Amino acid sequence: MSMRGRRGQGRHRHRHGRSGGALRPAGGKLVALVGNPNTGKSVIFNYLTGLYAEVSNYPGTTVDVATGRMGPHLLVDTPGVYGISAFTDEERVTRDIVREADMVINVVDAGRLDRDLFLTLQLVDMGVPLVVVLNLIDEAAARGLIVDAEALAGLLGVPVIPTVAVTGEGLEEITRRLGDARAGCPNPELVPRIEELCRRGMSRREALLALEEDADVGPRGGNCGPGREQVYRLRRQRASSTAELVTARRPRREATGAVLGRLLMQPAVGLPFLAGVVALLYLLVGVVVAQHVVEFTEEVVMRGYYEPAVRRLLGGLFPPDSAAAQVFLGEFGVLTMTPTYLLGLLLPLVVAFYLVMAIMEDTGYLPRLAVLLDRFFVGLGLNGRAVIPVVLGFGCVTMASLATRVLATTRERRIALFLLALTIPCSAQLAVIAGLLVPLGPRYMLTYVLTVLVVFVLAGTLLDRLLPGNSSALLIDLPPLRWPLPRNVLRKTLVRAGGFLAEATPLFIYGSLAVGLLHLSGALEALQAAAAPVVSGWLHLPSEAARAFIMGFVRRDFGAAGLYALDLTPRQALGAMVTITLFVPCLASVMVIGKERGWLEGAAMWLATFFIALVVGGIAVRLPGL
Amino acid sequence: MTLNQCRPGDRVVIRSIEDGEVRVQALRLGIDAGVEVCCRGVLPGGPVILGRGQHEIAVGNAIARRIRVRLLPATGGRA
């Protein structure tokens, strides 16, 4: 899934160093792989770099960038974009890499040439040494579209290599013809203006970006041209006429994929399909993994083997019943509870969830879901694009909070961040919730889901009414429905699961250290006593539940796991799960919200979630008819 | 008429796009005044799905209401 948004200008200097000079191999070149989303870029990247690619987060963004060796050169895979500008984080990353690159491999979809040539012509106008890879010629041919690669090469002035990336057809040509990369024929109407800016000391690439009023480059160029819209219109006309000239059409019946893709957006088919997807997800994550896999990993592996082993091994180092033994090996021990929760309970769930997410992304289902649910989200002051952060939120709310940058306006980002912080349980938390509520029968799970959904809709509707300004409407490209490639799906899943561990582990360690120390100093008991009127009186929970909520300040899943350990009646379990779901966002999310929206607004959101959680939790525990 | 009034199967030519920011985004996706598109679907009160050849774009209702289009006569053929 793409994560986009707008950011300030400050960070771009050091990015250059990272993407460019510092990584450029001695004697080799820095080659950027650039293309629209869903053109098969990552398959080509895998082919060109082999097994040893490194995926890392581009500094200051949520954008992942893969780099790998290609002979003597370094190949950088850029995020899929429709053009290079400063509309989103991904475009900025791509733009900055292109500015540094010695040459660019541009992948285009032969069946969507009209759309893809916009980016190609932008690269041509920038004067970047370029090779165009005309991919998916098989898919285009199946739809009756034949693209004349040589004619396209003639019109663009750069080499064009026809390929079918998934079968490997034509891919060896890319390395062979890399040396032929050259700057193509720019739009003649832009040349005088570009040259004028170059005379003022700008590089060709910067000159074009300035001409297009790029938010980060533009101001330095002064008021110098016809403006972005005119440049874009010139380029759009050239892209469309070029695509028209080189494409031959033979009438074909519409592919079943296209028909299915459209049906998925019609409520009568789309909604039952969505219900099916949710049911499958629930079966896989909530039942198979949350119950059977976790039973093995948590109970057998971690509690059965790991914990006794670590106690035996290290028990000798600390006198039994000493403070250190409590902190490291006790009930909340850094070396006992932390690895058990993290590896035994959360990791299997998070992996299962990310796997499903990656499949949904790679099939092209998510944008269709955005269309299907657009109207629902418009009622909450958002648009269909908000499904991206919301779906991601079921994986990890922190990651989803960063993904709110895909939303176009501050107003939408504010609403989405609050809804995420308040109502969306992350996969780790969902797991505990499912583990606790599913055995009680469908009534409890259903009541839980409905309660949280009502809060979601009420909070969104209220924010939409109360916040000033307007939200933007949906405008998205719909990628074709395709079968996902297992290799790409696995790679994505593993990268994200690794990211989860890297982020969650330190917080878990600090959290259990804090709880351990609170416990030792007696402060935990004091806090528990202080919270008793609320926890026992209002929420009807045993007073030890306060401890779980205190852990919940660090991470909600941590809190939920603490509640899991208590002996609760069905009614108590429902109330406890509603409360912990709506409870304050985890520390990592709080940091993200603070950075995105400022600390004052972050604090307001935090307090709001705290009170709403307690109020709704108290109501849930009193619901009649259960 | 405006884009949100189209029905599935209609072929239309875009006459104007009101919002400047939308205009620039649409240009990149291949939509501009004078371009012929086919309406591939409309969700009641929701987005309109536009097609140009194999390429499909979803346009939210609030934007579609501000895009003026001219309906082309039906040809009976495939758009």
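A:Arg199 is exposed, with a relative accessible area of 65%, where exposed means over 50%, buried under 20% and partly exposed in between (1.4 Å probe, protein chains only). A:Glu196 is partly exposed at 35%. The two side chains form a salt bridge, that is, a side-chain nitrogen of Lys or Arg within 4 Å of a carboxyl oxygen of Asp or Glu. Both belong to helix α8 (residues 191–199) of chain A, and because they are three residues apart, about one helical turn separates them. Helices are DSSP runs (H or I, at least four residues), numbered from the N terminus.

The model is predicted: local features need pLDDT of at least 70, side-chain atom pairs count only at pLDDT 80 or more, and totals for chains, interfaces and linings use all residues. Residues are numbered from 1 along each chain as its sequence is written, chains are lettered from A and ligands numbered from 1 in the order in which they are written, and side-chain values use heavy atoms, without hydrogens and water.

Over all chains there are 41 salt bridges, including these:

| Salt bridge | N to O distance |
|---|---|
| A:Arg199 and A:Glu196 | 3.4 Å |
| A:Asp116 and A:Arg115 | 2.7 Å |
| A:Arg249 and A:Glu244 | 3.6 Å |

A:Asp116 and A:Arg115 are both buried, whereas A:Arg249 is exposed at 53%. Shared partners join A:Arg95, A:Asp96, A:Arg99, A:Glu206 and A:Asp214 into one salt-bridge network.

A:Phe376 and A:Phe456 are stacked because their planes are at 15 degrees, with centres 6.4 Å apart.

Note on methods. Phe/Tyr/Trp six-rings, centres within 6.5 Å; stacked < 30°, edge-to-face > 60°. Helix = DSSP H or I, 4+ residues; strand = E, 2+ residues; numbered from the N terminus.
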